[in-house]
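I opened my notebook to get to know a new structure. Here is what I looked up, entry by entry.

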Amino acid sequence: MHKKNNYNTIEEVVRANVEKNFPISLEEFLVDKPEPYIDNLEETVALIDSFIQKGETITVVGDYDCDGISATTIMAAGLLIRGVRPRLRIPHRFSEGYGINEGIIDDIESGLLITVDNGIAAIEAIKKAKDKGLTVIITDHHLPKVDEMGQTVLPEADIILDPHLYPEKSEFEDYCGAGIAYRVARGLNPGKELRTLLVLASIATVADVMPLYGANRRILKEGLLAINERTPDTVLPGLAELLSQVRLENHIDEVDYGFTLAPLFNAPGRLHDDGSDMVVRLLTMGSTNPEIRQTAERVFNNNNKRKELVRLAMDDIKKNVDLTRKPIVVYHPGLGEGIVGLIAGRLCEEYNSPVIVLTDSADDSIIKGSARSIPEIHVKNVLDSIQENVYKYGGHAGAAGLSIEKTRLDVFSDAFRKACVRDFEKSGRKDEALPWSIKKDAEYDLEFDTAAAESIMEQQKLYAPYGEGNPKPVFHFVCDINPEEMMYMTNYTHIKFISGGVTFVGFNLAEKYRALGCPARFEVIGQLNESWFRGELSYQFQIDYLEVNGL
């Protein structure tokens with residue numbers, strides 16, 4: 001079933017979302033401050049500058065996801081402009097896990113250590129760095145550790161640059177790791193545009209699902225303008241090669257960031273222990289590097305392999321795992337550690353439930369995994385409340401990484417499910433039905449008119465870019481087609497048809513359409529996007545929901 005929200009215009013849709021999700025009005029949303037004050041940013045820039053002046057070694061330690069890769073590249077480029085070539089280190093996903101660790105510290109002899117997109121929870125590693133005589137700057141956007149009494153525990157760094165730590169001291173707190181690294185690079189290079197780095201920050205902002213208001217909205221808007229200029233001043237050579245590999249040679253938007261570029265950045269690190277190094281190398285290559293095209297091809301091929309592994313894993317889990325008990329905890333020994341987050345995300349969306357997916361690690365006694373959650377449940381708080389059952393964890397409201405002792409799987413699963421219920425009840429909704437027990441209706445905002453597609457798109461653009469906190473308007477449309485004109489794509493997985501001059505595409509909906517009997521008349525709910533091919537613009541309706549409902 002589906003239901004219509006009480007809106008009559010696109011402006012009403014956007015206003016409702018903005019004022020629900022952000023602490024500002026629609027009018028404030030549309031006007032953002034270029035570079036809001038961040039507590040400790042000036043001190044961070046000054047300390048880095050002092051090491052540049054002294055010519056001492058600087059080491060940057062990042063993370064293996066799109067945000068961490070982008071943040072590492074941005075910080076490295078910001079230093080390189082100042083004449084410093086830093087040492088770069090990405091933790092190895094499978095053998096080392098997330099964030100800086102004591103083994104990495106062992107390899108740093110002296111100088112300044114800067115973390116990007118990690119470090120706020122690395123209590124032991126940072127203590128070892130300080131004991132060793134290193135100067136340490138943490139730049140991060142994750143939440144700090146709390147102890148069993150609920151008290152914040154901070155690493156002993158010289159400077160911590162994390163707006164989430166003391167949000168009342170900063171004008172904006174919701175940057176991703178790359179967004180913070182970009183602000184540091186700007187501080188180190190005043191007066192320089194750094195648009196190639198702005199593009200990376202904009203990609204990471206979408207990839208890490210940051211709320212799109214204030215500084216984040218500005219980063220994304222200006223980053224999209226820059227990447228679409230497609231010049232050496234706006235697009236790094238390695239990124240340009242990736243764009244060619246996926247044939248994003250025309251207009252790029254935030255949808256391309258989320259569905260095409262972010263997965264490319266992530267793919268090698270999901271498949272190989274040190275795979276993310278490949279992406280960092282590509283992004284830091286000059287245009288004359290003879291390996292640049294071959295490296296871009298390897299990244300592209302890794303992503304294709306990742307897609308197939310996820311497809312096979314999802315099929316296997318749905319056939320062999322009981323997904324009716326919610327919140328969902330899945331332990332599947334055969335999964336690669338790098339794809340558990342993707343699977344958790346898909347299950348979370350499909351079953352409207354917090355999900356943890358776990359698999360084996362290099363240590364036979366430890367299983368590792370990822371958590372994804374729904375808006376009603378703060379998964380980091382949940383894990384905080386049961387930390388005695390968790391070996392190691394970190395994350396935020398919607399997602400987390402964790403590892404547990406294999407022998408405690410059943411105990412952990414029970415504790416996690418109970419803690420999710422407690423977290424929901426703490427929000428004051430104790431008498432409401434648990435969100436994962438409710439079958440959600442497909443909701444839409446407005447009726448779609450194919451004849452007005454151009455006008456609708458122009459209205460949408462007034463409030464773009466869209467994303468976290470400002471989702472695109474959702475439309476409803478009744479389709480009348482000749483079933484023989486239905487086109488199938490990718491081994492009969494996806495569907496595509498044209499109605500009223502608009503192309504309708506339904507990814508992974510071919511099976512659903514056939515199960516309905518290949519009807520000539522049916523309803524769809526989805527979003528309107530621009531589609532560019534060889535410089536030509538058309539409109540594409542992306543179907544998220546397809547049903548007959550007695551038509």
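**Aromatic pairs.** I started with the rings, and the structure, which is a predicted model, holds 15 aromatic pairs. I picked out F477 and F504: their ring centres are 5.2 Å apart and their planes meet at 20 degrees, so this pair counts as stacked. I then looked up where the two partners sit in the chain. F477 belongs to strand β16 (residues 475-480) and F504 to strand β19 (residues 502-506), so the pair links distant parts of the chain, 27 residues apart.

**The cluster.** I also noted that F477 and F504 are part of one aromatic cluster, together with F448, F475, F497, Y513, F522 and F541.

**Strand β19.** Which residues lie on each side of β19? On one side I listed V502, F504 and G506, and on the other T503 and V505; both faces are covered. I jotted down a reminder here: in a regular strand, side chains alternate between the two faces of the sheet.

**Neighbours of β19.** Next I looked for the strands that pair with β19. Strand β18 (residues 494-499) runs antiparallel to β19 and is joined to it by five bridges. One example is K496, whose bridge partner in β19 is V505. β18 and β19 form a hairpin with two residues between the strands, and G500 there takes a positive phi near 60 degrees. Strand β21 (residues 536-547) pairs with β19 in the parallel sense, over three bridges. In β21, Q540 is the bridge partner of T503.

**Charges over rings.** I returned to the aromatic residues to look for charged ends above them. The charged end of R217 sits over the ring of F29, 4.4 Å from its centre. The charged end of K512 sits over the ring of Y545, at 5.8 Å from the ring centre.

**An open sheet.** Then I turned to another group of strands. In what order do the five strands of the open sheet come? I read β3-β2-β4-β5-β8, with parallel pairing. The edge strands are β3 (87-89) and β8 (159-161), each of which pairs on one side only. Neighbouring strands of this sheet are turned against each other by 15 degrees on average, direction ignored. I58 has L112 in β4 as its bridge partner.

**A serine in a helix.** I looked up S413 and found it in helix α16 (residues 409-426). Its relative accessibility is 8%, so S413 counts as buried. S413 is 322 residues from P91 in sequence, and their C-alpha atoms are 28 Å apart in space.

**The whole protein.** Finally I stepped back. I noted 18 helices and 21 strands. The radius of gyration is 24 Å, close to the 24 Å from the globule rule for 551 residues, so the protein is as compact as a globular protein of that length. Its C-alpha atoms fill a box of roughly 75 × 55 × 45 Å along the principal axes. Of the 551 residues, 53% are buried. Among contacts with a separation of 6 or more, 66% involve residues 24 or more positions apart.

Technical notes
Residues numbered from 1 in each chain as written. Predicted model: local features only at pLDDT ≥ 70, side-chain atom pairs only at ≥ 80, totals over all residues. Heavy atoms only, no water. Pairing = 2+ DSSP bridges. Helix = DSSP H or I, 4+ residues; strand = E, 2+ residues; numbered from the N terminus. Axes fitted to C-alpha atoms, helices over the stretch in contact; angles between N-to-C directions. Phe/Tyr/Trp six-rings, centres within 6.5 Å; stacked < 30°, edge-to-face > 60°. Lys NZ or Arg CZ within 6 Å of the ring centre and 35° of its normal. Rg over C-alpha atoms; globule rule 2.2 N^0.38 Å. Buried < 20%, exposed > 50% of the residue type's maximum accessible area, 1.4 Å probe, protein only. Contact = heavy atoms within 4.5 Å.
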